Amino acid sequence: MIKQTLFGLAVAMGPVLAAAHSKSEETMPADGATVTDVPELTMRFDDPMRIISVTLTSPDGDVKIERETGMDPTTEFRAMPLEELAPGSYRFDWRGMASDGHPMQGSFSFTVVQ
Ligand SMILES: [Cu+2]
């Protein structure tokens with residue numbers, strides 16, 4: 001799910017300009033997926049995105065993750081959970097800056113089973 005700024009929305013709906021935002025096209029795990037193992041969390045974007053912050057939340061609270069991708073804009077962001085994820089539901093939230101300078105944010109959720 002991508003939330004746009006009001007300004008971005010207005011631009012995207014304008015008659016001349018196509019939407020210039022990067023979009024998260026694909027995540028791993030996929031949004032809504034049920035998985036047994038999460039070695040890595042990845043997001044692909046159609047245009048380089050500077051990822052400013054990420055959080056992984058379980059019903060018990062925040063889960064420690066380590067980003068493998070630096071602060072440079074990237075079309076493929078990667079992070080790693082620092083411990084094996086217990087069964088349960090998780091939500092990954094991110095905030096970033098699109099290449100057109102608009103602040104962006106999004107999230108995806110998945111469930112870990114044994
Ligand atoms: Cu934009």
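Visitor: What makes Gly101 stand out in the hairpin of strand 8 and strand 9?
Guide: Gly101 takes a positive phi near 90° there, in a hairpin with four residues between its strands. Do keep in mind that this is a predicted model.

Visitor: How do you know that strand 8 and strand 9 pair?
Guide: Pairing needs at least two bridges. Strand 8 (residues 88–98) and strand 9 have 10 bridges, in the antiparallel sense, so they pass the cut-off and count as paired. One example is Asp93, whose bridge partner in strand 9 is Ser107.

Visitor: Why are strand 3 and strand 9 called paired?
Guide: The cut-off is again at least two bridges. Strand 3 (residues 33–35) and strand 9 (residues 103–112) have three bridges, therefore they qualify. Their sense is parallel, and Ala33 stands opposite Phe110 in strand 9.

Visitor: What makes strand 7 a partner of strand 4 and of strand 6?
Guide: Five bridges join strand 7 to strand 4, and three bridges join strand 7 to strand 6. The cut-off is at least two, so both pairs count. Each pair runs antiparallel. Leu41 stands opposite Ala79 in strand 7, while Glu66 has Met80 as its bridge partner. A hairpin through six residues joins strand 6 to strand 7.

How values were computed
Residues are numbered from 1 along each chain as its sequence is written. This is a predicted model: local features need pLDDT of at least 70, side-chain atom pairs count only at pLDDT 80 or more; totals for chains, interfaces and linings use all residues. Side-chain values use heavy atoms; hydrogens and water are left out.
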